[in-house]
Amino acid sequence: MMKIYIPRDAAARAMGADAVVAAMQAELTRRGMDAQIVRNGSRGMVWLEPLVEVEKDGERLAYGPASPKDVAAILDGNSDKAVGRVEDIPFFAKQTRLTFARCGLIDPLSVAEYEAHGGLKGLRRALGMTQEQITKETTDSGLRGRGGAGFPTGIKWDTVRKAAGPKKYIVCNADEGDSGTFADRMIMEGDPLSLIEGMVIAAIGVGADKGYVYLRSEYPDAIEVMNLAVDAARKAGVLGKSVLGSAHAFDMEIRVGAGAYVCGEETSLLNSLEGKRGVVRAKPPLPALEGFLGKPTVVNNVISLATIPVIFERGAQFYKDFGLGRSRGTIPVQIAGNVKHGGLFETAFGMTLGQLVDDIAGGTAKGRPVKAVQVGGPLGAYFPRSKFDTPFGYEEFDGQGGLIGHAGVVLFDDTTDMLGMARFAMEFCAVESCGKCTPCRIGAVRGVETVDRIAAGDATAIPLLKDLCETMKDGSLCALGGFTPYPVMSALTHFPDDFAAAKEAAE
Amino acid sequence: MSAAALSAEAIAPRLNEILDDCMVLEGPLLPILHAVQAEYGHVPQTALPQIADRLNVTRAEVHGVMSFYHDFRQEPAGAHVVKLCRAEACQAIGANRVAAHAKKALGVEWGGTTKDGTVTLEPVYCLGLCACGPAALVDGQVVGWVDEKKFDAIVGDLK
């Protein structure tokens, strides 16, 4: 039977996928055609959304961006929106899809299709391993926390494994609040079972029987899909009292956040999950030893956990063979902002920023010059073109005064006012500060005022801003106050004209 | 909803059901507040004593939690809620311009509700629609590529 894929991914829906589905259903009925519409995840090429794929006689052809008026021609096979096979589109063909291999390819809620595409193989292998072997396999893969901190996942797991039980937890950080990032959302909407499988493997490895996904309320579509996927996994015996018939019990819940950016920080996330104000906790104790409700807890990002199945399916060495330096494996780069070809691009670490911006993304939407690129969300540095030869890797970006964070890459064209962006970074920090530590709570407010003084032409405020950033960086309890200086200082350092021009205008 | 309809006595039975459902959870307060807001459109202050009582914490603690999070409202919103993304990726592609237009067109500031009570305008910091911005969330439905014209069309449909 003919299958028609129309994504249920939020980006596709935001571009009108639901209207295309309605039109397609009406057209199929009108023609009396027997075809199945599958709501898949996104293939990651957002400029082509909604991307309709028609699978007939073993061939799967894509059309995008599709609108309701295109459906008749798509069914006739003569639509001018035809883009051929997804695998042949350069943006897709240049990727190495490991974590996102199934995303957009299968029905996200079908356990059978998940298995047919390699799913659950990793879990079955893990069930035959000891806890020590599981944490060692994870360490050997070289996987580091994809939330941004880059801490080795296997070492975190091993700390939890060795901690005193019996009660331990797996908590998935799905509070993907960084601007320019949507990899967590895409995998949860497009291949949620990979996240679930990763959490089950983590649980078996450390001896946990309960897991939580803390999912931000700004992602209503992901919340819906994850809840349905948990139900499907329970029915298939992946979750429950006996995981795939083994002696291991594991179940999980989806918990919805409430709009606080700081809850992406792991200790404030744990407080929020416990039903408290999402204020940051001082470390130590590490969450690995005293986490949710004071019990040993693995807190991992969505992408870290969703990558675990492929590592266990193909082996640690297979994964480790990709990458650069101490950054092993692949990273789903999210290309966003003012961009011609935006979307998700999974690649081995090592590609330069310039390749991503110019070759893969094709520059800005309307072809204006790229002025700056912010990598790593609102706490990441603005990189000028002179730094575009920086290879994508944790240490490499750190060495250039930046961070890769959750691997969001946001393009800005030459009309951007960098002083305005620096001011926004401080304003955002002031809005979202949890209030626990003074450098962040007060510093961010003073930061906005100081940038405003510079904008009004007061050059004496520039050293003050530098000094304030130094204090916030060294004195804040977590990355919110500690990293806000990255965008502020990089804007000031690399784009001094935007700060000086304000001064001249005032004189 | 009238003040009487939201008196502590009036909401007690339904609130009791919500509490029964949520108390089996570990760390139940956020799920409780979400459920109360889903029921009443905001978290009535009259609900706090009963929640505090069941959780065996003070009313101040419950208030402290609900006031920490941007999502929980103390007052009802307008009939429709339009959230516009203010984050960097959307700013890069014109979100500030659209926001200025939206405020002017509706005659409100961030968090404000139009005089006729139809639309509440709120900022949101990232909807994960960063490659099809400026992005918006209209009564929970995602919308991409929101320019001034599309914004006017969205609001026109709501009214």
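## How chain A meets chain B

Between chain A and chain B, 24 residue pairs are in polar contact (both at pLDDT 80 or more); such a contact is a pair of N or O atoms within 3.5 Å, where within protein one must be able to donate a hydrogen and the other to accept it, and residues adjacent in sequence count only if both atoms are side-chain atoms. This is a predicted model, in which local features need pLDDT of at least 70, side-chain atom pairs count only at pLDDT 80 or more, and totals for chains, interfaces and linings use all residues. Residues are numbered from 1 along each chain as its sequence is written, chains are lettered from A in the order in which they are written, and side-chain values use heavy atoms, with hydrogens and water left out.

The two chains also share one salt bridge (a side-chain nitrogen of Lys or Arg within 4 Å of a carboxyl oxygen of Asp or Glu). B:Arg86 and A:Glu427 form a salt bridge with their side chains, at 3.1 Å, N to O.

| Residue | Relative accessible area | Polar partner and distance |
|---|---|---|
| A:Arg43 | 4% | side chain of A:Glu87, 3.3 Å |

Beyond its neighbours up to four places away in sequence, A:Thr181 touches residues including B:Cys126, B:Gly128 and B:Cys130 (contact means heavy atoms within 4.5 Å). With neighbours within four places in sequence left aside, A:Arg43 has contacts that include A:Glu49, A:Phe92 and A:Cys103.

Definitions and conventions
Buried means under 20% relative accessible area, exposed over 50%, partly exposed in between (1.4 Å probe, protein chains only).
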